[in-house]
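These are my notebook entries on one chain. I looked up its fold, its surface and two individual residues.

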Amino acid sequence: MVAVAPDTRVIASSPFTPYAGLAWGEDAVSFQCHPEFQPAYAAALIEGRRGDRIPHDLADEALLSLEGANDRAVLTAWIRAYLLLTPPPVEADGSGI
């Protein structure tokens with residue numbers, strides 16, 4: 001995505017994904033994230049695009065980030081809480097946040 005519709009608000013972003021979360025008017029939200037991706041799959045995607053679509057230094061940085069703690073479960077829990085209108089998980093509950 002390179003632009004958003006006039007009635008769309010950005011509700012989540014990062015330098016890599018400036019439109020990671022969008023609110024469409026008052027009726028819908030969308031997220032561009034993939035908590036289902038395993039780190040090995042993400043690494044394979046990076047390697048497959050290294051030098052062609054992703055500069056080598058950026059690919060190296062991305063691969064290093066995959067060596068950290070895997071936060072897929074945390075991200076999934078936050079999205080689930082948001083969609084169910086429940087409080088997000090907290091560290092005291094063992095969520096890993």
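The entries below run from the whole chain to single residues.

Entry 1, conventions. I worked with a predicted model, in which local features need pLDDT of at least 70, side-chain atom pairs count only at pLDDT 80 or more, and totals for chains, interfaces and linings use all residues. Residues are numbered from 1 along each chain as its sequence is written, and side-chain values use heavy atoms, with hydrogens and water left out.

I looked up the secondary structure and found three helices and three strands. Helices (H or I, at least four residues) and strands (E, at least two) are DSSP runs, numbered from the N terminus. From that terminus, I read the order of elements as β-β-β-α-α-α.

Strand E2 (residues 21–24) pairs with E3 in the antiparallel sense over four bridges; two strands pair if DSSP finds at least two bridges between them. Across this pairing, I noted Ala 23 opposite Val 29 in E3.

The chain exposes about 7,200 Å², of which carbon and sulfur atoms supply 60%. Areas come from the Shrake-Rupley method with a 1.4 Å probe; for residues, only the protein chains shown count as cover.

Is Phe 31 buried or partly exposed? Phe 31 lies in strand E3 and counts as partly exposed because its relative accessible area is 34%.

I located His 56 in helix H2 (residues 56–65). His 56 counts as partly exposed because its relative accessibility is 47%. Which residues does His 56 touch, not counting residues up to four places away in sequence? I found Arg 50 and Gly 51, a contact being heavy atoms within 4.5 Å. His 56 and Ile 46 are 10 residues apart in sequence and 9.7 Å apart in space, C-alpha to C-alpha.

Key
Buried means under 20% relative accessible area, exposed over 50%, partly exposed in between (1.4 Å probe, protein chains only).
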